[in-house]
Amino acid sequence: MLKKERKTGLIFFPAFDWAISPTHPEREERLLYTQDQVFEEGLLDFDSIIEFKPGLATVGDVNRVHICVPDTRSVITESHLVSAGGAITAAEKVMKREVDNAFALVRPPGHHAMLVVRGARGFCNVNIEAIMVEYIRKHYGPRRVAIVDTDCHHGDGTQDIYWNDPNTLCISIHQDGRTLYPGTGFHREFGGPNALGATINIPLPPRTSDEGFLYILDHVILPILDEFKPDLVINSAGQDNHYSDPITDMCFTAQGYALLNDRLSPHIAVLEGGYSIEKALPYVNVGIILAMAGLDYSNVREPDYDPLTIRQSDEISRYVEKEAAEIYTLWEKRGLMREKLIGNVEYVRRKKPVYYDTDGISEQQEETVRVCTDCGGLVTIASAADTGNRIFAVIIPGQSCPACRAKGEEIYTETGKDKYNYVYLQDRERDIFLVK
Amino acid sequence: MGIDVGGTHTDAVLIEDLRIKKKAKVITNERDLLDSLWRVTDDLLREENPERLERVVLSTTISTNAIVQGKTDRVGMILVSGPGLSPSLLRINEDCHFIPGYVNHRGMEIAGIDRDNVSRIGERFQRDGIDHCGIVGKFSIRNPQQEIEIRETIATHVRHVSLGHRMAGRLNFPRRIATTFLNEAIREIYTNFVKQVLDLMHLRNVSVPIYILKADGGTIDIAQSGEFPVQTILSGPAASIMGILSMVESRDDAIALDIGGTTTDIAVFAGGVPLLEAVGVTIFGHKTLVRGLRIRSIGVGGDSRVRCEDGRIVIGPEREGPAAAFGGPFPTPTDAMIVLGLTSIGERERAKGALLPLSRHMQCSVLEAAKTIFEQTCEKIASACLDEMEAIVNRPVYTIHEILEDRRLEPKILYVVGGSARPMAFRLGEMLGCPVYIPEHAEVANAIGAALARTTAEMTILADTEQGTLTIGEEGDRIVIPPQFTREDAIGIAKEKLRERAIKMGAKEEDLEIEVTEDQEFNMVRGFYTTGKNIRVRAQVKPGLIASLRT
Ligand SMILES: [Zn+2]
Ligand SMILES: [Zn+2]
């Protein structure tokens, strides 16, 4: 197998001194065997694979993406700044063309962290991909970005953050929400009023194997990427679709992950979940690294790999084909849907309950978006939680139009502290973050 | 007595009461290193009573040269590579055989080996006249059983076998292959050399322990070195660095330079201690697991050829002979330093003559040309020093603690040895912003370093209480441990085993400064229950001296 070698940056940060709790899946041991495998295979000795030490993200980098309640320092630890910093380092190396692509093999993960953060959900406090994307936009100018989330769980945090952003395409492929946390990620979740079609959800039935994943890649994801024409493709590279993962029920393999990465060719991959720390992660990560570097990955497989036991049924194959066709049709109709769904209203509101499972916090959010054809639209969020702290946030989007900006600034000025404990202004375009 | 058989010179020193008693220097006879040894000891030991010697340490290029010049034996390799990297990326020579079998990261045997298959390979080696065999398995340091089984099967077909897990305790399969291959490829030439050295010392009436210097600047008893000749590669640069260490007293961060004719070697001392390569040294394109001092070598030296390309000065990386002032064919930085009056060696007129065509190209005077060459030479070395420090600081780390600690390097002094040390040191110090120090016996730093180096060793322990096993990487031992085995127990075993190993390699009890370099413990959780602990300990006798020179 001869391929064109690419220069790949690897930011490896196993955080050997951090755990949510001693027996939690997110514990010190998680990347131990992956490190063993990566070291033993000698991957860091290839001229085309260059290891970089992660930088530290700043609170400012976090505030560009999240509204942390009551403030950023109270919902994160240093580990989150290193993990987000690792993603940023990966991006920096790619943007400066020091490497062709990069893989942030870091923990803790982030794709369940939503725009408002009151604690940890699904092991995530802050969204490391989103922090990275906004860092890129701040330092390298506006970019059209596609985030392809291949974690087994719906990337609901990333979806929430970019719900109203027409310039960020979020595609999540995951085990059907009726059978797995967080229980979302259905076709009808398709993006906010100004960004319809920029959120694509592809729920797959339990026990889907390589065949199904690659079918979706070839028939849905790659064609949509072709049309969206992103400047950057990011893979939220969760590894819990693996057949040996203890908390999910899919049948993806190390070879499948390598093939997917090879065909998707992301500029940046960021590790998300994946808790089969001995039987999957070592092999999946070796496969992804080799594929990204354009090296031969054909010999990568799990020692207990048995294609017969994990083959998907014909029924699943038929389901996946139907699913692919439906989603692609939906994508093609995204322009028409705007008229049908939104009509002439000026604002669109959605109410959503958010549960922070790791920290046991319940929150009620009301998000209001200004319908706008000139930008992603002004967003305001009112939120209350069972821990107290009613807050209100005004989010002026990147590349905002004058009308949305003026309205946003007006609302922030007028909103008093009588009804809320905190009022926030996040101006993504000017990189301003204010609290009162 | 310390002896360094280098590429150009063979240096030797006699040290008494930690003071230099005598020095000797002869031109190395590349074709006969023994001859160089004979002549240099002749000089040094004349009028001396060899019975008063306490120890002899030898640093030699024999292994390095054998590899670089291809004077190696054909080695048959048997590799148990399992899934992962494709064999095409692992094939180190024509005689590589990949056989089925697999040991995983925990050291569990997942797939067995086929002895009949191994026998057939052995027969083939025999038919092809291959006497040397390297056997390497993936993760064999976690469980060497398959390597041992293969050796048992093949032993009758070949003369000598090297096993991968004995080379080093670190993970890196491709490097383990390269290290095992090189070890076996140079074994014959190396053991012959050792025999001759022992004969020579016998003739000189030397009957004290004789040590060989390794790439990590530590020593090993010459009699013990035959099984691991690969450890002695690149000992020359290590000797110089150890020599510098013996002549200085600082515990600060420092830079050490050895400016030779062809190359300049750069080493960084962190808190006064020379740094080791993270995984192993690289020789002639082979990345190995050989523990070695971290030394960056750049192709700039006193005798580097200086050219003018498109009106710009280019220095090195090749050396085409001595400086023009010594009859060499091309201008060199040494010639520039002679013209500038920074040194009074050689024939000044010849140096000037050699710079003349360059100065015409550059449209300036000979003096200005010399100044430019000198500045540029110093700049190249200084910027390589800065790059090296940056690379050290940017070494990856894997804990939040280390990220936050983020230690900077702040060199407080620059040590310079080598041929061009004197004319260049001052300017280099200015460029790097630190004071310079040229040790008194700089010209024989290498031999002093060899003489005073202590025996070094490393020991890697992995305890897995879920499996109830403890593996000693370098030794290939696997022992049973109880479930309540602790990190303290592991550290205790590591220290004890390291002590035994170092003593066996020739260390003296009083020189054993043991330090634990890695010490990690992980809870192993399966399902929602803690099923064991994965404990990783590494200990070393770090590179150092039996004593420093008295000044
Ligand atoms: Zn997940
Ligand atoms: Zn607008």
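Two exercises with worked solutions follow. This is a predicted model, where local features need pLDDT of at least 70, side-chain atom pairs count only at pLDDT 80 or more, and totals for chains, interfaces and linings use all residues. Residues are numbered from 1 along each chain as its sequence is written, chains are lettered from A and ligands numbered from 1 in the order in which they are written, and side-chain values use heavy atoms, with hydrogens and water left out.

**Exercise 1.** Find the residues that coordinate the zinc ion (ligand 2) and work out the geometry of the site.

Step 1: Look for donors (N, O and S atoms within 2.8 Å of the metal, or 3.2 Å for Na, K and Ca). You'll get the SG atoms of Cys372(A), Cys375(A), Cys401(A) and Cys404(A), at 2.2 to 2.3 Å.

Step 2: Check the spacing; the donor residues run C-x2-C-x25-C-x2-C in sequence.

Step 3: Now the angles. They span 102 to 120° among the 4 donor atoms, so the site is tetrahedral (four donors, all angles between 85 and 135 degrees).

**Exercise 2.** Describe how domain 1 of chain B meets domain 3 of chain B.

Step 1: Count contacts (heavy atoms within 4.5 Å): 8 residues of domain 1 of chain B touch 6 residues of domain 3 of chain B. Tyr211(B), Gln224(B) and Arg291(B) supply 58% of the area that domain 1 of chain B buries there (accessible area, 1.4 Å probe, lost on putting two parts together, summed over both).

Step 2: The interface has 1, and Arg291(B) pairs with Glu458(B) at 3.5 Å between the closest N and O atoms.

Note on methods:
Four donors count as tetrahedral if all angles lie between 85 and 135 degrees; four count as square planar and six as octahedral if opposite donors are over 155 degrees apart and all others between 65 and 115; anything else is irregular. A salt bridge is a side-chain nitrogen of Lys or Arg within 4 Å of a carboxyl oxygen of Asp or Glu.
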